[in-house]
Amino acid sequence: MANWTTAARNASATVLSVDTWLPETMPEYAQGFMYMLGSLTASSFVVLIVSGVILAANGPATWSYNAPMRFAAAVHFWAVQAFFFFMMMHLWRVFFTGAWRGGRRETWLLGAVALIIAIPTAFTGFLINGDFYTQWNAVQAKDGLNAMGLGWVNLPSAGQMFGMHVVVLPLTLSIVIFGHIYRVRRKGVVPPYPDRHTSAEKEDRHGNTHRR
Amino acid sequence: MATRIDDEMVHDYQYVPEDFMKHLMTTLGIVVIMVLVLAAVFGVPEKPPLTIQGYATKHPVAFERMATRDLNGHGEIANYGPPYNDGTGYVESGLQKLSGIWHPINAEQDFILKPLRMAATLNPRIMSALRTFESASRARQITWANNYEKALGGHGRVTGDRVIVPAGNYGPVPALITATWQLGKSGLMSGALTRNPHVVTRFNNQDYVLFLEGAPLHHAAAPLHLLGDQWGIIHAAVPGYPAAWWMTIPTWIYQWPFVAHSKAADAIALSLGLGVWLLLALTPWIPGWNRIPYYLGVYKLIWKDFYYRRAQKEDRHDVSPSRFPG
């Protein structure tokens, strides 16, 4: 059996490489706003983590009597809006460009998994806020989870939701996002579809030129 | 071997210099400024919760009726089913039954009788009503509670600090429910519902949140358009603010008539929603569906500049004697 340490060293050399994470060149087609959407999503996630750590360090209900914490809660709220907004825009871009081509199917799958984990991650945040939205959604949404056989997830229990929102789900989401971005960096962003129509039109144009 | 359309791509492209750190710092800067401005201008949407004390104070008759339904087993949680108890009111699937009772709630005991036993140490008159109720047969308890629930629904009215109903066969139920109402009005009910003598922490507020399930919360949610058939999942409790708009597809599925009218609406809607996600997640492996972006052609807009430069380059290559014989 191969040496585990050697295997780990080899894997780490790629995963932790500056060539992987800090490229100095990009494909010529991967330019412009459309190619900022993934980074904007990741940046929103960074803001979520930072504002979330501030909220967690002070306690989940401090926003209700402490003005700076209320502002931190507002930043966290708008950051999650930004996160989903940019993620959806990014999703449209990668869908319309067939981003799974050329051995990038797993990258796509990890992105989709990130989306499905992001939903309960955000939702459990709403559930520990403590206002009417929390109260109503805890009571309403529990029926869906119970119906799916997930009754152990107790939405009306703030303690369980706190653990889910602050540790379990963001940690899982971070790992999936890391895997997604790692694969994007290793495989590169998908090259364009062949411009067949352009070529065909050009041939046709040239043909007409010849006939003249 | 021919390349499949769903896997075709150009190969003759170049790499151009890129300052990736600047790119990342730019996107981070954009997001930081954006959320700071939004937070400063709009704050955070907070709708005060519906408290047990608030509901008991404003809706005495409805409060008593709700509490009585916990005694006769008609209450939303009293008859819910797994994961709370053996009820049948909200059992939507075999999976739900199979998952078992994870968070046991005996609504009669946990919501009414246990809090009253605590209150009885302050008000001994409650104790005699409790003893009478607990020493009666279950059938008799239910008869008393049914009669009182019916009387409250038809004739309940508030006089002073009491809810009055016509005389009837209610046993000790009016005394118990009046005491529950008074406990609710005092604000002590929330503490009684979250009490756990084994730990000093109060992480599990399940009973407090579920106590008002049913009519109280529904009546509070309806004017805010938060009900399921009002597309409530994607609405904020404070009008004008965004909420979980990313749940639009599952919310839409909830509106489909065959889903909305089903007793297993949640199970069906969430299963279909999961199916939509699977379609998305497995896109690369689904023949036909994975070619859709190619046929839609939106990619031509996204890579417009790339194709333009490429066409120009090809045009320059095509400047040949055949085009310009001479």
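**Reading the descriptions against the values**

Tutor: In this predicted model, the span of residues 33-57 of chain A is 84% helix and 0% strand, with its end C-alpha atoms 35 Å apart.

Student: What makes residues 33-57 of chain A a "transmembrane region"?

Tutor: That label comes from UniProt, where an unreviewed entry lists residues 33-57, 77-96, 108-128 and 162-182 of chain A under this name, and such annotations may be inferred rather than shown by experiment.

Student: Which elements make up chain A, and in what order do they run from the N terminus on?

Tutor: The elements run α-α-β-α-α-α-α-α-α, which comes to eight helices and one strand.

Student: Why is chain A called more spread out than a compact globule?

Tutor: The globule rule gives 17 Å for 212 residues, whereas the radius of gyration of chain A is 23 Å, well over that value, and therefore chain A is described as more spread out than a compact globule. Along its principal axes, the C-alpha trace of chain A spans about 80 × 55 × 40 Å.

Student: How many helices and strands does chain B have, and why is chain B also called more spread out than a compact globule?

Tutor: Chain B has 17 helices and three strands. Its radius of gyration is 31 Å, well over the 20 Å that the rule gives for 326 residues, so the description applies to chain B as well. The C-alpha trace of chain B spans about 115 × 45 × 40 Å along its principal axes.

Student: How do you know what confidence the predictor has in chain B and in the complex?

Tutor: Chain B averages a pLDDT of 92, and 95% of its residues score at least 70. Over residues 319-326 of chain B, however, the pLDDT is below 50, and this stretch has two contacts in the model beyond near neighbours in sequence. Where pLDDT is low, the predicted coordinates should not be read in detail. For the complex, the predictor gives an ipTM of 0.91 and a pTM of 0.91.

Definitions and conventions: Residues numbered from 1 in each chain as written. Chains lettered and ligands numbered in written order. Predicted model: local features only at pLDDT ≥ 70, side-chain atom pairs only at ≥ 80, totals over all residues. pLDDT = per-residue confidence, 0-100. Contact = placed C-beta atoms within 7 Å. Helix = DSSP H or I, 4+ residues; strand = E, 2+ residues; numbered from the N terminus. Rg over C-alpha atoms; globule rule 2.2 N^0.38 Å.
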